[in-house]
Amino acid sequence: MNTGTEPVRSQAGLLTTLAYRFGDAPPCYALEGAIAITGALVQWLRDNLGLVDNASEIEALARSVPDNGDVYIVPAFSGLYAPYWDDSARGVIAGLTRFSNRGHIARAALESTAYQVCDVVGAMEADSGIRLATLKTDGGMVANELLMQFQADMLGAPVVRPRITETTALGAAYAAGLAVGYWAGTQELRDNWGVDATWQPAMPAELRAHHRRSWKKAVGKSLGWSDRPQEPADDIG
């Protein structure tokens, strides 16, 4: 979250970071919510459990069930980052019954990303006093339309996917172009941005509240789990 030219010290578990500086203009700061495991959870299901052969198959498997069957995955493989900051947390799969199957595990894996984003957004709203109006997404996981709809449902706000989803690389190219005069100014960059797809929240409020409560319960089971020294993280993402 861009906080402007004054750094904001988070009281809700976020990181204060330098966002960018163009030329002689004052630097702009941001609040950042770092999450350890998102797309890497899908890789774990593929490589460690053999649930799918390719990561791209996860959405179809998740769609094979109508909902998560009340299964929740907290991927705290190397602890939990923002806003919890508990390096003793460990991963849990909660809510399993005899009814649970591969589809429920796949769906819970995708949904865990949405819950983690909701935790970060909640912390940003607490720090800034600004209610999220729209979430702009980027990265590899935004190709997953089931996840994008669920993210909108959990936030209760629209989720927007841009035409160019590799925002980090694009931003670096824009900054370089501004530095050498290729771009006339930041307005030209804004004009280049375009929407590829938008998802609107459609989930009933009571179901959203149930999912958020259940996620929080699952997180509570993962916190403080390990009393052993922290192992190095194999992957972040």
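This is a predicted model: local features need pLDDT of at least 70, side-chain atom pairs count only at pLDDT 80 or more; totals for chains, interfaces and linings use all residues.
Helix 5 supplies the largest share of the lining of the largest pocket, with 7 residues.

**The largest pocket**

- The volume of the largest pocket is about 2300 Å³.
- Its lining is made up of 49 residues, and those closest to the centre are Lys136, Thr137, Asp138, Thr167 and Thr168.
- Several elements give two or more residues to this lining: strand 2 (15-20), strand 3 (28-32), helix 3, strand 6, helix 4, helix 5 (167-180) and helix 6 (186-192).

**The cavity**

- The space in the largest cavity comes to about 80 Å³.
- Thirteen residues line the largest cavity, and Ile35, Leu80, Tyr81, Ala82 and Gln116 are the ones nearest its centre.
- If you wonder how such spaces are found, rolling a probe the size of a water molecule over the atoms shows where empty space is left.

- Strand 6 pairs with strand 7 (residues 159-162) in the parallel sense, over 2 bridges.
- Within this part of the sheet, Leu135 is found opposite Val159 of strand 7.

- The buried residues are Leu146, Leu147, Met148, Phe150, Gln151, Ala152, Asp153, Met154 and Leu155.
- Their cover includes helix 2 (58-62), helix 3, strand 6, strand 7, strand 8 and helix 7.

**The nonpolar cores**

- The largest nonpolar core has 27 residues, among which Val74, Leu155 and Val159 touch the most other members.
- At least two residues of this core come from each of strand 4 (72-74), helix 3 (102-128), helix 4, strand 8 and helix 7 (205-222).
- Helix 4 is the element that gives the most to this core, with 6 residues.
- Not counting residues up to four places away in sequence, Leu155 touches Cys118, Val121, Arg131, Leu132 and Leu135.
- There is also a second, separate core of 19 residues, including Leu45, Ile73, Ala106 and Ala108.

**Met124, a residue to look up**

- Met124 is located in helix 3.
- Is Met124 buried or exposed? Its relative accessibility is 12%, so Met124 counts as buried, the cut-off for buried being under 20%.
- Leaving aside neighbours within four places in sequence, Met124 is in contact with Met1, Leu14, Leu31, Glu32, Gly33 and Gly129.
- Met124 and Gly181 are 57 residues apart along the chain, and their C-alpha atoms are separated by 34 Å.

Notes: Residues are numbered from 1 along each chain as its sequence is written. Side-chain values use heavy atoms; hydrogens and water are left out. Two strands pair if DSSP finds at least two bridges between them. Helices (H or I, at least four residues) and strands (E, at least two) are DSSP runs, numbered from the N terminus. A nonpolar core is a set of buried Ala, Val, Leu, Ile, Met, Phe, Trp, Tyr and Cys residues joined through side-chain atoms within 4.5 Å. Buried means under 20% relative accessible area, exposed over 50%, partly exposed in between (1.4 Å probe, protein chains only). Contact means heavy atoms within 4.5 Å. On a 1 Å grid over the protein atoms alone, a cavity is a set of points where a 1.4 Å probe fits but cannot get out, and a pocket is an open set with protein on both sides within 12 Å along at least five of seven lines; lining residues have an atom within 4 Å of a point. Grid points are joined across faces, edges and corners, and a volume is the space filled by probe spheres set on the points.
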